[in-house]
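Please read the following account alongside the sequence and the coordinates.

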4 protein chains.
Amino acid sequence: MCGIVGIVDAGGVSFPLYYALYALQHRGQESAGISTFEGATLYTHKAQGLVAEVFNSHTLQELRGTVGIGHVRYPTTGSKVPENVQPFNFRYQGLNLSIAHNGNLVNTAELREEYERRGQIFCTTTDTEIIGNIIADALRTSKSMEDAVRFCMRRLRGSYSVVALLNDTVYAFRDPLGIKPLCIGGIDQGYIVASESVAVDALDGTFIRDVRPGELVRIDESGLSSIQIATANRTARCIFEYIYFARADSVIDGTLVYDVRRRIGQKLYDANPIEADTACPVPDSGIAYAAGYAERSGVPFVEGLMKNRYMGRTFIMPTQQQRERAVRIKLNTVRGNLKDKRVVLVDDSIVRGTTSRRIVTMIRDAGAAEIHLRVGSPPIVAPCYLGVDMPTRAELVASGRDTEAVRESIGATSLTYIPLEDLVEAIGCGEQNLCTGCLTGCYPVDIPGEKSCHCVVDYVAGTRQSDLSTFRAGKEQS
Amino acid sequence: MCGIVGIVDAGGVSFPLYYALYALQHRGQESAGISTFEGATLYTHKAQGLVAEVFNSHTLQELRGTVGIGHVRYPTTGSKVPENVQPFNFRYQGLNLSIAHNGNLVNTAELREEYERRGQIFCTTTDTEIIGNIIADALRTSKSMEDAVRFCMRRLRGSYSVVALLNDTVYAFRDPLGIKPLCIGGIDQGYIVASESVAVDALDGTFIRDVRPGELVRIDESGLSSIQIATANRTARCIFEYIYFARADSVIDGTLVYDVRRRIGQKLYDANPIEADTACPVPDSGIAYAAGYAERSGVPFVEGLMKNRYMGRTFIMPTQQQRERAVRIKLNTVRGNLKDKRVVLVDDSIVRGTTSRRIVTMIRDAGAAEIHLRVGSPPIVAPCYLGVDMPTRAELVASGRDTEAVRESIGATSLTYIPLEDLVEAIGCGEQNLCTGCLTGCYPVDIPGEKSCHCVVDYVAGTRQSDLSTFRAGKEQS
Amino acid sequence: MCGIVGIVDAGGVSFPLYYALYALQHRGQESAGISTFEGATLYTHKAQGLVAEVFNSHTLQELRGTVGIGHVRYPTTGSKVPENVQPFNFRYQGLNLSIAHNGNLVNTAELREEYERRGQIFCTTTDTEIIGNIIADALRTSKSMEDAVRFCMRRLRGSYSVVALLNDTVYAFRDPLGIKPLCIGGIDQGYIVASESVAVDALDGTFIRDVRPGELVRIDESGLSSIQIATANRTARCIFEYIYFARADSVIDGTLVYDVRRRIGQKLYDANPIEADTACPVPDSGIAYAAGYAERSGVPFVEGLMKNRYMGRTFIMPTQQQRERAVRIKLNTVRGNLKDKRVVLVDDSIVRGTTSRRIVTMIRDAGAAEIHLRVGSPPIVAPCYLGVDMPTRAELVASGRDTEAVRESIGATSLTYIPLEDLVEAIGCGEQNLCTGCLTGCYPVDIPGEKSCHCVVDYVAGTRQSDLSTFRAGKEQS
Amino acid sequence: MCGIVGIVDAGGVSFPLYYALYALQHRGQESAGISTFEGATLYTHKAQGLVAEVFNSHTLQELRGTVGIGHVRYPTTGSKVPENVQPFNFRYQGLNLSIAHNGNLVNTAELREEYERRGQIFCTTTDTEIIGNIIADALRTSKSMEDAVRFCMRRLRGSYSVVALLNDTVYAFRDPLGIKPLCIGGIDQGYIVASESVAVDALDGTFIRDVRPGELVRIDESGLSSIQIATANRTARCIFEYIYFARADSVIDGTLVYDVRRRIGQKLYDANPIEADTACPVPDSGIAYAAGYAERSGVPFVEGLMKNRYMGRTFIMPTQQQRERAVRIKLNTVRGNLKDKRVVLVDDSIVRGTTSRRIVTMIRDAGAAEIHLRVGSPPIVAPCYLGVDMPTRAELVASGRDTEAVRESIGATSLTYIPLEDLVEAIGCGEQNLCTGCLTGCYPVDIPGEKSCHCVVDYVAGTRQSDLSTFRAGKEQS
């Protein structure tokens, strides 16, 4: 996962980009980067680390100009390498192109091979570089970003929300199935596109709308315009954004994430209305779920686990023996809220099961009488090929194990997952518009060896003028 | 405010002290320090910064020995000076004494003057140095820590929970009124005394009991013993520890802080049972209050404000104009949970009123129909002389202003404080055992120009043997 | 300017590369980087900063393998950008190529245009990326590094000493005119190639020989071999390496740099044998010159200027007024060695004249009776296109100004430059084997608008086998 | 050893103090600190680390006022503890006293015991705290700094150059024997006192004169005045300041250090005029000696050893095996200047002999035909009790070993020390005015178990007015 942002602001973009990346920091803590453009120069600063570590006031001041893009990166296994830090730059024939990407392609190898055969030399093994190359290559022929992105969309298979800086213009587009989120906001003297609406909020901006699947948005100093590059018979929004990944205060494709989680919490009670003393969230992501559960059930919302807010990267790992003693520095039990209680423990999801097992053990050690684990997602049984860093089937505790076996492995008194239909209903856009690959093993794009729920994409030609719309911040509001 | 800890552990103390200070970090972020003792040497490392910044694995390894104390410090106005960083050391006549203190004396000036007249030269202006000097001075005469602390207690007026390292022994004592908290826990190969029980939890230890007001606890490799130095006709526990300062998962003087806050939340509804759509906490401290409110009222607990978990010291302050745009990076509104809603906003306390005003404005801007502010403490109308960094009366919004005036100033639809009797009942130990100075203007110790609710302290003489109790971890448990 | 190094060592290369880069740090302080290879993985760590800042023991341990290359970079104007930090990586068709370069191409624009026309997309504006692309592109066709480098040499115009890591093999080559230095050393369990012999010394290795102009050296675990790719009718060694850039303890193309500078110092006296009291070096680079001057003249070598050894990047620049007061923190005068003395001040070169003027003023203020400036290079009158960061003609104090005018501008009593023929004689390889572009305006490669002293390069075909030589460290020594 | 500085400057002192400490950094790299005073507040910032690490522009701006003192500290064995970082502060009875000290007392234990008996509690084990306590204690009685320092001088035995900040006045005094240096300079809008004249130079100030042994200097906004507190029948200037410790560009007690070292170099030749090819200094401290040797002998000054200027604290220590390979990163041999040469190797002193042995081995490995070691000090045979961190007799290679045995141990072809009388003559003030304890075992103060060369100190009473002199910068100059 990653977070992306593009901003045009007449008052300068480096500080707004920095604040927007702060708001998107939960989408990636491995590295951060910003590219801006002024005069004929592309400025880039990027490095491994948190936003707070990568930038200082000096580096922000050096990032000149009123147009720019930013990126935070979540490492996928084995790829913590400095050269993968985004944005990626491409400079050729007087064009300066900088690209940042959230998502994952499934035809990377195929595209690499084809382009390598044609003579392209790649610097990294990332799909972002491939996207950049396809665009750059297409631009050499037509000089039109619209054509380049149309060509690009025809070639890419997978998920991709992209922001691009081409000289003094910011472009943003989203794959035809809209797998990864991307939205538009108006700010004081310009516009912002960002992975989540919280980045718009961070700048005290006005949320305008989501970028449509298959749409290309263009922002420069004269305003914002857009064109539909491709349309599909459905969307395939990542269901895991709602379950876990996005911030609860984000609105994604018209739906407030908090609302989804709260409704799931309510349905978790409906699906299995047991008696209990407390509804206890696993912090921080379980809070909205537990609130919904408490609301519907009348079981009081009471925290039984407390997170230490000061844990950071520099925490010194103790030796093994000390480690066991020190485990409760990060997450402590509120014994008085658990002892002799029938506890409903509400969490967003179970992946490997290790964390759940540890937490259930802690709560049992604190004296809970019963521990009823309620999970805000159906069992995760299949890997994600489209951008969420999921483990393989072998590591997924629910893959090839029924609920009773999982319950036993985790040690809970009872275990209930939200049924898929309830989850879909809580989101509200219909299962046919969601990617449920990790829950069903059926994916919206063709992946060798996996089942596909076929999506049909149509690349709209010749509709440029008719579809074009231009607006300024403040004129059109949600 | 500060956090203190003392540990004796046969397996080494620097790492346990470090973890304990992590658990107490909320009590002070200005500086951190650890003293340990081995052979004939007192080792100290201390500096300004968070625990994570002050220590690294190298400095922890240099802190040798199986006995030690630690401190985190919350700066009081105008005192961010490196030389005030605790623990303080005293070395004389072959004795090595290190002291860390939580609390505030009210007769500092008087004591300084007396000791200066007698020839003592002070290095700092802190009351901690005075405490150390009195003890050190008394030890010169009697060589008995018991006598020294008895003498010390007779002289000190104010609040003081103290840990002291005298060569290879850890001592801990608490003022006769027990104003500031201090508790005892058993750990693997020894004991811990700490400001809050969460430090015991952090080491996976067993909470034993609180240090009694006026009690002196002694820990060395042979075990733990204690002696009652002074007794009083009442206690004067800081009420603000329950309201705001302590971690919700701490148990202070037998009462789980979370429970107090949750009960207050319940009573806040009882005191004014209005209709509303959501009970929304001010994060993070308002959560337990809002949970209690929701539980009693049936109004659903729903978060309307989200904190950014990545804000740290290195966040670059924008210019004034950017500042206004960037205000929502730290705290964002969840618009969908607020728009057109009748919101009960639950907070722990109102001090200056500035933060409340800002938050109420944000919520109103998010479209809330009504904002009913419910506050977990009575109006704060008087300063604190006993260790909480409160502003002067002039800066306290509730000082000399009735509730309606405060409501208007803050901009809420309605405003209700918890009545003092309800707060006292929620804590459960009776008003006569609490310090309510900041709420009533009546203080448990004599302060020139302020009212005093007289406390009588008796310095118990000759009871050493009879009162002595020795126990080992695991033998006596809560 | 930059420093490059390549190492194959059975005992691991990351630490040896780190030490070698320390020895080459004077060649570039802007950034540092290392690439290594193990299994099928190319590891790279690189960032802006000194070697000491970029690497720590953790990052060094992550750089696995027994083959690798390293780079330190000296920024050329306006190019302090993170993305220019070397080595550069290229990954395609199963090949992993990492490249580091010292030098400067003069046909960059032309090559870029050609490759861009053919479809190549560049990420940076550096010539290093072009070299890498040409090699990578050629390798796609022939899979032979020898062919790729031969093709590369035919295309590149300018100076280039290059180290390349292609999977588990280190390659190194030098342009046919040998403009920038590159040498070979034997170390414990392998070989090193490096910009200067001091890197060999740093590993306690054995200097073997310089890489020949136009030669390609190949090192892998089985040993070292080489092939002559191109030959020329002359060489064009950078004269500024001897004058200023290289460390005095380096041996370049068979000549000890210290020796050259000392001989120049001697000749400076011979050319103008005046009477004086002290021969005073401008530290640090003037010391060898002044030692030679003193040796020949009998005028005692006495330091009149002392450098502060603790100045670093973090020195806080004072305000303008303080700046004037603080100028002598960096460089102090030894008044007692200067007052009333006839001083011969010996420096390596004069570029803009600003530093010389400031130093002459300081020495005059210290009371010197006469200041005779002796300069170890002829007047610098033309820019460098081949890798030394020289200013434009307009900024060069000696460009279009005779010696008397320069003397007056600097404020010295007298000023003498070393004549070119004396400098050439001090180096010993004949003017026809040196690049004297900055001194004569005549360059060894064609540069539009500049004079060229024609060099003829012959690309040797079909000599691979006969020219191949293999040797192990310790067998062949200087 | 330590470096001290005191400044009064109407334009603010924190930046001038910072620059002065930079100039004195060679006197101590373990810690740095500054105290300033403004209004009624004493500001202090101090920490472990180099000046560049301890201060940043923010901390310097916080150090307000136009009066202040500073300190850099060289750790003596086993005392790298944060609490020993100077300046030390004392605050009592409305007085704010800050003290920084260079030197070492020999009656510390005795004074501690006496003051502890009288009730004083010490925080550290340093003699600086004792000096501060004696002064502070005396000030309580008389309120006159003159009386306090007079009393102090009567009690202290050992070396002490002290700067003190008492509210808005800077005081400086030097022990009656003038063991450690201290001098006065005039700066733009005030005065500076500092350990060495290079600190005056760093501020572009005017050297005025040395502080006289036994003199107390007072500086405030109205100017500078002084009074003679004690006189002695001789001085006892530390001979090691001239040999090694002071910067060569400092003038100490009227003598330029460079001049002393150069004269010693000359005398080293006179004492043993052998034939040789090169006079090679051990950098950096041997350079002035070697220059003098070359000047007198006609043997050319040629560097055979080069120091890497980039070595710092963060250099990663390799494993043992790598260590041997990496030894030449710090100090490299210039093989071409040594091979087959008869080398005169000139160093300032031999302490343990380890470094000399290593260097001689390196030079031999570089192929030198003969290595004649010439040493700028007589054999060091006894420890220093007065402030130089010398090892015990057992560790001194020359203690109980004749020159031939030392030569053999080091591996040199020949070894000559400068005779004491020549050294004394080079300094020029007569042996009776120098402390030669480490060379003769005879000390200027009584030390139990050691020989004493008796000094008689007279504490001048009642001469305050007559001895008073007031002057402003620029009026009186050297």
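Ser285(A) counts as buried because 20 C-beta neighbours lie inside 10 Å. The term buried applies when 20 or more other C-beta atoms lie within 10 Å of a residue's own; exposed means 12 or fewer, partly exposed lies in between, and C-beta atoms are placed from the backbone. This is a predicted model, in which local features need pLDDT of at least 70 and side-chain atom pairs count only at pLDDT 80 or more, while totals for chains, interfaces and linings use all residues. Residues are numbered from 1 along each chain as its sequence is written, and chains are lettered from A and ligands numbered from 1 in the order in which they are written.

Ser285(A) sits in the loop between β18 (278-281) and α10 (287-297) of chain A. Helices (H or I, at least four residues) and strands (E, at least two) are DSSP runs, numbered from the N terminus. Leaving aside residues up to four places away in sequence, Ser285(A) touches Tyr244(A) and Asp348(A); contact requires C-beta atoms, placed from the backbone, within 7 Å.

Asp348(A) belongs to the loop between β21 (342-347) and α12 (354-365) of chain A. Asp348(A) is also buried, with 24 other C-beta atoms within 10 Å.

An unreviewed UniProt entry lists Ser285(A), Asp347(A) and Asp348(A) under "binding site". UniProt positions follow the numbering used here, feature names are shortened, and annotations may be inferred rather than shown by experiment. The three are spread over 64 residues of sequence, yet they cluster in space, with a largest C-alpha distance of 7.2 Å.

Chain A as a whole is divided into domain 1 (2-236 + 458-467) and domain 2 (256-307 + 320-443), with bounds from an automatic or database domain assignment. Their centres, taken over C-alpha atoms, are 34 Å apart. Domain 1 of chain A gives 14 residues to the contact and domain 2 of chain A gives 8 residues. On the domain 1 side, β6 (95-105) and β7 (158-166) of chain A are the elements that give two or more residues.

In chain D, 6 strands form an open antiparallel sheet in the order β5-β6-β7-β8-β12-β13; strands pair if DSSP finds at least two bridges between them. The edge strands are β5 (88-92) and β13 (223-228) of chain D, each pairing on one side only.

Conventions
Two residues are in contact if their C-beta atoms, placed from the backbone, lie within 7 Å.
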